[in-house]
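Reader: I am new to this structure and would like to know what the words used for it rest on. Could we go through them together?

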Amino acid sequence: MSLDPDQVLRDQGFMRLALDQAHNAWLAGEVPVGAVIVRHGQVLATGYNRPITTHDPTAHAEIVALRHAATLAGNYRLPECELFVTLEPCAMCAMALLHARFSRIVFAAPDPKTGAAGSVVDLFAQPLLNHHTRLQGGVLAEPASRLLRDFFAERRAQARERRDARRGLIPVGEATELSPHDANPHDL
(Lines give C-alpha, C1' and ligand atoms only; values in the text may rest on other atoms or scores of the structure.)
Protein backbone atom coordinates (compact mmCIF):
# COMPACT_ATOMS: atom_id res chain seq x y z
CA MET A 1 0.00 0.00 0.00
CA SER A 2 1.54 3.30 -1.05
CA LEU A 3 0.84 6.45 0.87
CA ASP A 4 -0.73 9.51 -0.65
CA PRO A 5 2.07 12.02 -1.50
CA ASP A 6 0.16 14.79 0.31
CA GLN A 7 -0.06 12.59 3.42
CA VAL A 8 3.68 11.91 3.25
CA LEU A 9 4.47 15.64 3.08
CA ARG A 10 2.01 16.37 5.90
CA ASP A 11 3.55 13.66 8.10
CA GLN A 12 7.07 14.92 7.38
CA GLY A 13 6.05 18.47 8.27
CA PHE A 14 4.71 17.46 11.67
CA MET A 15 7.72 15.20 12.25
CA ARG A 16 10.03 18.17 11.61
CA LEU A 17 8.21 19.96 14.44
CA ALA A 18 8.80 16.90 16.63
CA LEU A 19 12.49 17.01 15.67
CA ASP A 20 12.57 20.65 16.79
CA GLN A 21 11.19 19.51 20.14
CA ALA A 22 13.88 16.82 20.29
CA HIS A 23 16.52 19.54 19.85
CA ASN A 24 14.94 21.38 22.81
CA ALA A 25 15.40 18.22 24.88
CA TRP A 26 19.09 18.06 23.94
CA LEU A 27 19.56 21.72 24.91
CA ALA A 28 18.01 20.91 28.29
CA GLY A 29 20.40 18.00 28.79
CA GLU A 30 17.77 15.36 28.07
CA VAL A 31 17.76 12.47 25.60
CA PRO A 32 16.58 14.17 22.38
CA VAL A 33 13.06 12.87 21.83
CA GLY A 34 10.27 15.20 20.77
CA ALA A 35 6.54 14.82 20.27
CA VAL A 36 3.74 16.75 18.57
CA ILE A 37 0.02 16.08 18.97
CA VAL A 38 -2.20 17.08 16.07
CA ARG A 39 -6.00 17.38 16.08
CA HIS A 40 -7.92 18.13 12.90
CA GLY A 41 -4.71 19.11 11.10
CA GLN A 42 -3.65 21.63 13.77
CA VAL A 43 -0.95 21.31 16.42
CA LEU A 44 -2.68 20.88 19.77
CA ALA A 45 0.35 20.26 22.01
CA THR A 46 4.07 19.56 21.95
CA GLY A 47 6.51 18.00 24.35
CA TYR A 48 10.05 16.82 24.74
CA ASN A 49 11.81 14.44 27.11
CA ARG A 50 12.07 15.82 30.65
CA PRO A 51 12.70 12.92 33.07
CA ILE A 52 16.14 14.18 34.13
CA THR A 53 15.25 17.84 34.68
CA THR A 54 11.91 17.09 36.36
CA HIS A 55 13.08 14.02 38.31
CA ASP A 56 10.04 12.26 36.85
CA PRO A 57 10.54 8.88 35.15
CA THR A 58 7.20 9.29 33.37
CA ALA A 59 8.13 12.62 31.72
CA HIS A 60 8.78 11.13 28.28
CA ALA A 61 8.08 13.40 25.31
CA GLU A 62 4.83 11.59 24.52
CA ILE A 63 3.52 11.85 28.09
CA VAL A 64 4.49 15.54 28.40
CA ALA A 65 2.62 16.32 25.16
CA LEU A 66 -0.30 14.05 26.14
CA ARG A 67 -0.76 15.84 29.46
CA HIS A 68 -0.82 19.24 27.71
CA ALA A 69 -3.24 18.02 25.05
CA ALA A 70 -5.64 16.47 27.57
CA THR A 71 -5.65 19.66 29.62
CA LEU A 72 -6.29 21.82 26.56
CA ALA A 73 -9.00 19.48 25.26
CA GLY A 74 -10.60 19.15 28.70
CA ASN A 75 -10.67 15.37 28.30
CA TYR A 76 -8.28 12.47 28.82
CA ARG A 77 -9.67 10.78 25.74
CA LEU A 78 -8.30 12.13 22.48
CA PRO A 79 -9.70 9.90 19.71
CA GLU A 80 -9.39 12.58 17.04
CA CYS A 81 -5.67 13.09 17.73
CA GLU A 82 -2.48 11.88 16.09
CA LEU A 83 0.94 11.76 17.71
CA PHE A 84 4.19 12.44 15.86
CA VAL A 85 7.21 11.33 17.87
CA THR A 86 10.88 11.05 16.96
CA LEU A 87 11.42 7.67 18.66
CA GLU A 88 9.20 4.60 18.78
CA PRO A 89 7.09 4.73 21.97
CA CYS A 90 8.03 2.56 24.95
CA ALA A 91 5.45 0.34 26.69
CA MET A 92 4.50 3.05 29.21
CA CYS A 93 3.85 5.61 26.48
CA ALA A 94 2.12 3.11 24.20
CA MET A 95 -0.37 2.15 26.90
CA ALA A 96 -1.06 5.80 27.79
CA LEU A 97 -1.70 6.57 24.12
CA LEU A 98 -3.97 3.56 23.77
CA HIS A 99 -5.83 4.57 26.92
CA ALA A 100 -6.30 8.07 25.49
CA ARG A 101 -7.58 6.41 22.29
CA PHE A 102 -5.32 8.15 19.80
CA SER A 103 -6.34 7.47 16.22
CA ARG A 104 -2.80 7.31 14.84
CA ILE A 105 0.81 7.23 15.99
CA VAL A 106 3.60 8.27 13.60
CA PHE A 107 7.17 7.67 14.75
CA ALA A 108 10.55 8.30 13.18
CA ALA A 109 13.27 5.99 14.52
CA PRO A 110 12.68 2.46 15.81
CA ASP A 111 13.82 1.67 19.35
CA PRO A 112 15.44 -1.78 19.39
CA LYS A 113 15.77 -1.73 23.19
CA THR A 114 12.35 -0.65 24.44
CA GLY A 115 10.15 -0.08 21.38
CA ALA A 116 6.54 -1.12 21.96
CA ALA A 117 5.28 -0.49 18.41
CA GLY A 118 6.97 -3.48 16.82
CA SER A 119 10.69 -3.37 17.62
CA VAL A 120 10.53 -5.33 20.89
CA VAL A 121 6.79 -5.84 21.30
CA ASP A 122 3.76 -4.43 19.51
CA LEU A 123 1.23 -3.37 22.10
CA PHE A 124 -0.79 -1.62 19.42
CA ALA A 125 -1.47 -4.97 17.70
CA GLN A 126 -2.74 -6.83 20.77
CA PRO A 127 -6.17 -8.17 19.77
CA LEU A 128 -7.39 -8.39 23.38
CA LEU A 129 -7.05 -4.65 23.97
CA ASN A 130 -10.22 -2.61 23.51
CA HIS A 131 -8.70 0.10 21.30
CA HIS A 132 -6.51 -0.15 18.23
CA THR A 133 -4.39 2.70 16.96
CA ARG A 134 -2.97 2.91 13.46
CA LEU A 135 0.83 3.06 13.28
CA GLN A 136 3.22 4.56 10.79
CA GLY A 137 6.93 4.14 11.44
CA GLY A 138 10.04 5.40 9.69
CA VAL A 139 8.96 8.98 8.91
CA LEU A 140 12.23 10.99 8.87
CA ALA A 141 13.92 8.07 10.63
CA GLU A 142 17.44 9.04 9.52
CA PRO A 143 17.50 12.58 10.98
CA ALA A 144 15.93 11.30 14.22
CA SER A 145 18.42 8.42 14.46
CA ARG A 146 21.33 10.74 13.69
CA LEU A 147 20.22 13.14 16.42
CA LEU A 148 20.18 10.32 18.97
CA ARG A 149 23.55 8.94 17.79
CA ASP A 150 25.16 12.40 17.96
CA PHE A 151 23.71 13.02 21.42
CA PHE A 152 25.03 9.74 22.84
CA ALA A 153 28.41 10.19 21.11
CA GLU A 154 28.71 13.60 22.77
CA ARG A 155 27.71 12.11 26.12
CA ARG A 156 30.31 9.34 25.81
CA ALA A 157 33.01 11.90 24.90
CA GLN A 158 32.08 14.03 27.91
CA ALA A 159 32.22 10.98 30.18
CA ARG A 160 35.70 10.12 28.82
CA GLU A 161 36.88 13.68 29.43
CA ARG A 162 35.60 13.57 33.02
CA ARG A 163 37.23 10.19 33.59
CA ASP A 164 40.52 11.39 32.10
CA ALA A 165 40.40 14.58 34.16
CA ARG A 166 39.98 12.52 37.34
CA ARG A 167 43.06 10.54 36.36
CA GLY A 168 45.00 13.72 35.54
CA LEU A 169 45.33 12.98 31.83
CA ILE A 170 45.55 15.78 29.29
CA PRO A 171 43.20 15.22 26.33
CA VAL A 172 44.95 14.54 23.04
CA GLY A 173 45.43 17.69 21.01
CA GLU A 174 45.25 20.05 23.97
CA ALA A 175 48.21 22.13 25.01
CA THR A 176 49.08 22.85 28.55
CA GLU A 177 51.54 25.31 30.03
CA LEU A 178 53.99 24.06 32.59
CA SER A 179 55.74 26.28 35.07
CA PRO A 180 59.55 25.95 35.42
CA HIS A 181 59.19 24.08 38.71
CA ASP A 182 56.82 21.53 37.10
CA ALA A 183 59.70 20.12 35.05
CA ASN A 184 61.95 17.54 36.61
CA PRO A 185 65.58 18.75 36.22
CA HIS A 186 66.71 15.15 35.67
CA ASP A 187 64.49 14.98 32.54
CA LEU A 188 66.26 17.94 30.90
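Author: Gladly. Let's start with a contact, which means heavy atoms within 4.5 Å. In this protein, residues 24 or more positions apart account for 57% of the contacts with a separation of 6 or more. This is a predicted model, where local features need pLDDT of at least 70, side-chain atom pairs count only at pLDDT 80 or more, and totals for chains, interfaces and linings use all residues. Residues are numbered from 1 along each chain as its sequence is written, and side-chain values use heavy atoms, with hydrogens and water left out.

Reader: What makes a stretch a helix or a strand, and how many of each does the protein have?

Author: Both are DSSP runs, numbered from the N terminus: helices are H or I with at least four residues, strands are E with at least two. By that rule the protein has 5 helices and 5 strands. From the N terminus on, they run α-β-β-α-α-β-α-β-β-α.

Reader: Why is Gln21 called buried?

Author: Buried means under 20% relative accessible area, exposed over 50%, and partly exposed in between, with a 1.4 Å probe and protein chains only. Gln21 has 13% relative accessibility, so Gln21 counts as buried. This residue is found in helix α1 (residues 5-27). Leaving out residues up to four places away in sequence, Gln21 touches Val33, Gly34, Ala35, Thr46, Gly47 and Tyr48. Of the protein's 188 residues, 36% count as buried.

Reader: Why is strand β1 said to be largely enclosed?

Author: Strand β1 (residues 34-39) has 5 of its 6 residues buried, so the rest of the structure largely encloses it.

Reader: How do you know that β1 pairs with β2?

Author: Two strands pair if DSSP finds at least two bridges between them. For β1 and β2, which run antiparallel, there are 6 bridges, so the pair meets the rule.

Reader: What makes a space a pocket, and how much space lies in the largest one?

Author: On a 1 Å grid over the protein atoms alone, a pocket is an open set of points with protein on both sides within 12 Å along at least five of seven lines, while a cavity is a set where a 1.4 Å probe fits but cannot get out; lining residues have an atom within 4 Å of a point. About 490 Å³ of space lies in the largest pocket, a volume being the space filled by probe spheres set on grid points joined across faces, edges and corners. Of its 22 lining residues, the closest to the centre are Val31, Leu87, Asp111, Leu148 and Phe152. Helix α5 gives the largest share of the lining, 4 residues.
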